[in-house]
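Work through the exercises below with the structure in view. Try each task before you read its solution.

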Amino acid sequence: MLVLNCDKNKTEAMVLQTDCEFDFNPPQLQIDGKNIHFVEHTKVLGIYIDNKLSFKHHATEKLKHCKQVWNLIKRGTTRNRGLNTQSITYLLKTVVLTKLLYGSMIWLHNNLSIFDSFWNQVILKCSGSMFYPHREITDHDHV
């Protein structure tokens, strides 16, 4: 006999939706008399799954986490002191990209645009371009 033990306080329910206009009122679910609440997104094996399977919430959470870690890495680096671009790139690959790419085959393809401005900042910093303004900017200052 199969016995399923679950924590009634952690159990959630989700109705997967399509783009169709359809009013659906899910039935009230209970386990041992405890009501199970319905959620729009939940975390399963480290990936936020939402009721439309768009993974936008997951991408937004990943972006927020990547920005926090990236800001810690670049905080101590300026033009004159700190890590060189090779070390920054190494940290980016080992700390940021490993977290970002977990499960990316499932969620990243529809959410790439969310990361555009973040990647632009990363590329500038890793290439060293952040410290050297464009030539047109410096030419106008000296005229």
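**Exercise 1. Decide how helices α2 and α4 run relative to each other: roughly parallel or roughly antiparallel?**

Solution. 
Step 1. Locate the helices: α2 covers residues 85-100 and α4 covers residues 116-127. Helices (H or I, at least four residues) and strands (E, at least two) are DSSP runs, numbered from the N terminus.
Step 2. Recall that two packed helices are described by the angle between their axes and the distance between the axes. Axes are lines fitted to C-alpha atoms, for helices over the stretch in contact, and angles run from 0 to 180 degrees between N-to-C directions.
Step 3. Read the values: the axes of α2 and α4 come within 9 Å and cross at roughly 150°.
Step 4. Apply the cut-offs: angles under 35 degrees are roughly parallel, over 145 roughly antiparallel, 65 to 115 roughly perpendicular, and the rest oblique. α2 and α4 are therefore roughly antiparallel.

This is a predicted model: local features need pLDDT of at least 70, side-chain atom pairs count only at pLDDT 80 or more, and totals for chains, interfaces and linings use all residues. Residues are numbered from 1 along each chain as its sequence is written, and side-chain values use heavy atoms, with hydrogens and water left out.

**Exercise 2. Find which residues of α2 meet which residues of α4.**

Solution. 
Step 1. From α2, take T85, I88, T89, L92, V96, L97 and L100. From α4, take F118, W119, V122, K125, C126 and S127.
Step 2. Sort the residues of this contact: 9 are nonpolar, 3 polar and 1 charged. Here Ala, Val, Leu, Ile, Met, Phe, Trp, Tyr, Cys and Pro count as nonpolar, Asp, Glu, Lys and Arg as charged, and the others, Gly among them, as polar.

**Exercise 3. Describe the surroundings of I88.**

Solution. 
Step 1. Check accessibility. I88 is buried because its relative accessibility is 1%. Buried means under 20% relative accessible area, exposed over 50%, partly exposed in between (1.4 Å probe, protein chains only).
Step 2. Leave out residues up to four places away in sequence; I88 then touches W70, I73, T77, L83, K125 and C126.

**Exercise 4. State what kind of aromatic pair W107 and F115 form.**

Solution. 
Step 1. Apply the rule: rings of Phe, Tyr and Trp (its six-membered ring) pair if their centres lie within 6.5 Å; planes under 30 degrees apart are stacked, over 60 edge-to-face, and the rest tilted. The count comes to 2 aromatic pairs.
Step 2. Take the pair of W107 and F115: the centres are 6.0 Å apart and the planes 50° apart, and the pair is tilted.
Step 3. Check burial. W107 is buried, at 0% relative accessibility, and F115 is buried, at 1%.

Terms used: Contact means heavy atoms within 4.5 Å.
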